[in-house]
Structure formats: structure tokens, C-alpha cells
Amino acid sequence: MRKVVEGSYAIAQAVKCCDPDIISAYPITPQTHIVENLSQMVADGELKAEFITVDSEFSALSALVGSSAMGARSYSSTTSQGLALMYEVLYNVSGLRMPIVMTVANRAMGAPLNIWNDQQDSIGARDCGWIQLYAENVQEAMDLTPQAYKLAEDPDILTPVMVCMDGFILTHVYEPVEFLDHDKVKQFLPPFKPKITLDPAHPVTIGAFADPSTFTEYRYLQQDAQNKALGKIDTIAKEFKETFGRYYGGLIDTYRMEGADAAIVTLGSVIGTIKDALDEMWAEGKKVGLVKVRSYRPFPVKALRDSLKDVSSIAVIEKDVSIGNEAGLTTDLKAAFYNTGMKTPIIGFTAGLGGRDITLKDIKKAGDKALAAAKGPEAEFEFLTLRKEIL
Amino acid sequence: MLKVIAGGYVEPGSTQVTKTGAWRTFVPVVDQKRCSKCSLCEIYCPEGCIRMVEGLFIPDLDYCKGCSICAHECPRKAITMVLEEK
């Protein structure tokens, strides 16, 4: 069924099809409509889940630690300062290996106060042990939701997943989406049956103290699960394609990479604009391709090396900055190449901060700089659309 | 030996296996002749690891963190904290 709906409604619809047992969330712009719609679905009896209303994001995710430990399929959604307030719990969830799925409606981190889109919030939480998948458009964010549960609940993975979608740009846009069919989702996503749960009849301790003699091994197991997820993300994307007919690439996707001289690497909704900009650049004889990062954690080192091995230079466009260094994706990508002997120049651009539009012109500027960087980069890292006149 | 399972799920009573006294620097030594068996050390110990064993107050060194509260509270100064050599 194809319908024109708001992005947030589409996500709520996708979550509903996954049959969550427990939802707990605290409203925060631009995530509010997702949980508002879910709350309505529960109130109307359309969705047989319990919606736990709480006083904060910290409590929302903490409530899900309890429900997930009981073996309930659990869902939350947040953004920006809300995600920051969850920070401590993010580590608890991943360390306790709870397969919670959370939609992050990416938004800038204050101060200064700003409610618009960038990806500082989730990129800043990249080390928390959660898997992070980034959607290009509403349909992909919707389709990633059952894929995220399937991945998270896999007995070899048991790791929480953030489905990241750009706030406003995707959460508030009305666009035609193909609705998920509930029965098909049931067929794709088996019921959640964890091996160990909190059950008075079979007592276990969850979250026991780990001293220096065991802590390293717990971390190792998390790292191992993320490594295993590299393969599963690909497999699950293909399984989704078999059931639903839609495919967006596995860990990464590429566009116009065949015969490209330079490449742009990015994540999220800016990809649509980049594709248009690249079409125009190719028409002008400028061969710039695109690599879209779908999985940021686990970081697809091998897939990126393989896809970028033939270009002479690379530009990263991302909506975050690691204040005091470059930006997340840029440094991660450089690190992926360092030991391979590949000396392809990589330049990083921070753009679209706090909701500033990234235009075709901006992307072409980055593309031109990428092509020029083949002779040696002019600057390693810069703010792409800096308004020097107001400084 | 405690086996590590993803997520830290363990059988109940895991602290019986995981000893927590390893980071102690000072160890309480009870002078049993001075002890009047008032049990204030047992009442004040935040870890619950000094109690009467066969008529004498004996610290459980598997869990004692060496915080010295027992020595501080003892009205007869029967407990001294001694630097533990490991």
C-alpha cells in the first residue's frame, strides 16, 4: 500500500508492524511525532503494546532495560539533548546486550540552542556499543526498523541498534512511502525469544559486578558481536529484499563510482541532493562518485577500502564535528586506510550544522575540491559553508 | 572460575565467586583481649564483613575494603589498621 504520509507516521507504522511489547519515550523535537503516533495507536487499541510514560529520556531507556531483561521487545526514540541524557543508559543497554531498537531523529546539540538537523548527537554516541544505521530517506528509515530488530535480536549479535534519520528533513517531510505489510513483517521478523530472561522461577543475576579479571572479556564479546554484525547487516538487507523487494545496499551503497576520479563519502539524507549534484558534475565531465555509509557502527572498513580503492581523492561531507579535531566519519575513514598503504588524499567537510541547508552548489564546491585534492589537499578539514562575513 | 557470558548474565550469588577485597591497602587487626564484644564494628561496617565467629569478631578479608570505619568506631580502640603487604 502506497501512501503519502509524514516521515514520523511512517516510522510509527513500521514500529507497529514489528509488534513491540513495550514502548517508552519522552517527547523532544523533532522526534515527538513518532512517539505521539505510537501512543495514539496504543490508546486506540491498534497496537497491543504497553506505552510507559516517563519523566525523562534517562527514565525512558532505563524502563526499557527492565522490559528487555524480561524478554519484551522494546522500542524508544529520541534526539539531541534527549540522547545525551540517555548517555549512561546507552552503555548499560549495550553492555547488558539488550536488543533494544531506537530511532534517533538527528538534531544538533546545544548550546547554542537549536532544534534543527545535524548528526552531532548520534555521531557523538558512536563509542557506546550500539549499532548505528543511517537512512537516506523515509522509506529506508521505515524499512530499517524491522531489519534493526532482526539484527539486534540475532543470538550472535544481541546488540542494541539506533536507526538514525535526519530530524525534520526526514521526520517531518511528507512523501510517498510503501507501507510495510504486518503479516510479511511477521514472516521476516520472528518473535523475540531470548535464552535468558528475568524470571522468578529461574533466577539469574543480570548486570553483575565485573572486576578487572573479567571486564576486558565482556568488552571483547561486544566488539566480537559488532564484527559479526558486519556480515549480518548485509544478509538481513538481502533477506529484506527477498520479502519486500526493496534494497539499499548492505553496509554501504555506491552511486556513479564506476570510472570516478574522486569520491564523496557521507551518511544520511544529504545523499539525495548529492546524487543530483553528481549528475550535473558528470554532465560537465567531472567524474565524482558517491559512497553512502549505511552502517557507521560497526564501521565497514573492508567495504569502504574496496569501494574507494580506484579513486585518486576522497571528500567526506558530514553533519558533525569532533570539536578540537576533525569530524567523526573523516577520522574513521582515514584510520581505515592508514595500514593499507593507500595514500589517497582524504579531505573532510563539516556541513549542514544546526539545520543549514546543504545545496547543490555546496556539494559541487566539495566535489571540485575533492578533484583538486588529487594533487595534494589544500586543507585537510574545513567548514564547508562558513559565513566569514558574520564573524 | 566465573565464566563470562555476553551481557553478564550469571547465576545468583555471583559475589561468592567474585571477591571484592583485592583493592584494600590497610587491613583491620583485632586485639581480641581489648574487645568487649559490643558489636559496633559489625553494625557500622558498610560491607557487612565483620561479624562474630565462635565468640570473636573476625573481619572477612575476602570482602573487606580496608575503609577503617570499624577501627574508627571501636570505643575500646581494639582494632588497628595495618598496611597490608601483598
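Predicted model: local features only at pLDDT ≥ 70, side-chain atom pairs only at ≥ 80, totals over all residues.
Helices here are DSSP runs of H or I with at least four residues, and strands are E runs of at least two, both numbered from the N terminus.

1. Let's start with Leu158(A). It sits in the loop between helix H7 (138-153) and strand S7 (161-166) of chain A. Leu158(A) counts as buried because 21 other C-beta atoms lie within 10 Å, and the cut-off for buried is 20 or more.

2. Chain B has a positive phi to look at too: Lys77(B), not a glycine, has a phi of about 50°. The residue belongs to the loop between helix H2 (69-73) and strand S4 (79-83) of chain B. Is Lys77(B) buried or exposed? Lys77(B) is exposed, because it has 10 other C-beta atoms within 10 Å and the limit for exposed is 12 or fewer.

3. Now for the peptide bonds. Thr29(A) and Pro30(A) are joined by a cis peptide bond, with omega at about 0°. As for its setting, Pro30(A) is in the loop of chain A that runs between strand S2 (22-25) and helix H2 (32-43).

4. Please check Arg297(A) and Pro298(A) as well: the peptide bond from Arg297(A) to Pro298(A) is cis, and its omega is near 0°. Where does Pro298(A) lie? You will find Pro298(A) in the loop between strand S12 (295-297) and helix H11 (301-308) of chain A.

Terms used
Residues numbered from 1 in each chain as written. Chains lettered and ligands numbered in written order.
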